[in-house]
Amino acid sequence: MRKLIGLGVSAIILGLLYASLDADGLARAIRAADTNWLIAGLLFVIPLTLLTAWRFSALVDNRISFLESNRLILAASTLNLFLPSKLGDLAKGHVMSRRHGMDTGLSYATVVLEKALDMMSLLVWGVFGLIVVGLDRPAMLWFLLPVAGLCTVLLLVILPLRILPFILEIFGKVMPGKVRRLIEKTATSWQLVSETFWQRPAHAIGVIVLSVIIWGAHLLQFWLFSQALHGNVPILENAAFATLAILVGLLPFTFAGVGTRDAAIIFFYAPYLSPESAALLGILATLRYVIPAIAGAPFVGDFIGLVRGGKKTTI
């Protein structure tokens, strides 16, 4: 029901957006798109997926193979298309627990660490981009406060400072019994995954650097699409615009961010793209999620089988 409501909200937003666009201008933008840049942007999904899978294998100390990591990443992409707030990624924790014998709390905490690395890395690029954009458009610096603030919070959580377990323990003391035990277990699992991650500092820093590189590549894909639409957006300014659009798309009341992300792209890219070209960029941005989701569809059945079977399997 929630997804149906989200789909309806997305449809309403898209309907209003496209009703405000010039149909002839949209047709001209489609015809004018540079095919070479467009293909390059679409094919960029492949190295992004491979890099993400490599990072995930490194994150779990290669306890799962690179091939299995790719399967998990792609299947999670499929589930994320239908589940709110990237909850499909939690299925990776379930698979690592059932199929690979990892402790359940540790496997889910590992996935949460992965998502924290992703968000922090995205925000790092957003901070740099907003600083550059703010030199000419000071009003954009207002976005710097929440972006830099959240980036700092996530960095502190990722570092081996025991901040998150401390907060959870304080919060758990005022919760009723079952909730308190769940929070305490979560704090213990996070502390364990943090200690494991930072057991080799050089390895941990390497994973963090790789995460930043991966998200720089994600934002570069937006830039490739803007080049296909003749936007000529400076790379760091594109990083700011794309970061804000992605964050808006994470709001949970639409279907996979469709509609809200499109509106944000039209608004933020206005200095470089016409509304019609920006609308096309919104479609291409959605394809970034749809293509891996299609590729991961054959592996979703395997996930469901693990849930229904209730038994650990090996491959």
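Ala, Val, Leu, Ile, Met, Phe, Trp, Tyr, Cys and Pro count here as nonpolar, Asp, Glu, Lys and Arg as charged, and the others, Gly among them, as polar. This is a predicted model, in which local features need pLDDT of at least 70, side-chain atom pairs count only at pLDDT 80 or more, and totals for chains, interfaces and linings use all residues. Residues are numbered from 1 along each chain as its sequence is written, and side-chain values use heavy atoms, without hydrogens and water.

**Stop 1: the largest cavity.** Select L59, D61, R63, L106, T110, L113, V193, T196 and F197, which line the largest cavity. A cavity is a set of points, on a 1 Å grid over the protein atoms alone, where a 1.4 Å probe fits but cannot get out; lining residues have an atom within 4 Å of a point. The space inside is about 70 Å³, the volume filled by probe spheres set on the points, with points joined across faces, edges and corners. The lining has five nonpolar, two polar and two charged residues.

**Stop 2: two helices.** Show α7 (residues 104-136) and α12 (residues 235-249). Helices are DSSP runs (H or I, at least four residues), numbered from the N terminus. The two axes come within 7 Å and cross at roughly 130 degrees. Axes are lines fitted to C-alpha atoms over the stretch in contact, and angles run from 0 to 180 degrees between N-to-C directions. Contact (heavy atoms within 4.5 Å) involves residues including M119 and W125 of α7 and F241 of α12. By class, 15 are nonpolar, three polar and one charged.

Methods. On a 1 Å grid over the protein atoms alone, a cavity is a set of points where a 1.4 Å probe fits but cannot get out, and a pocket is an open set with protein on both sides within 12 Å along at least five of seven lines; lining residues have an atom within 4 Å of a point.
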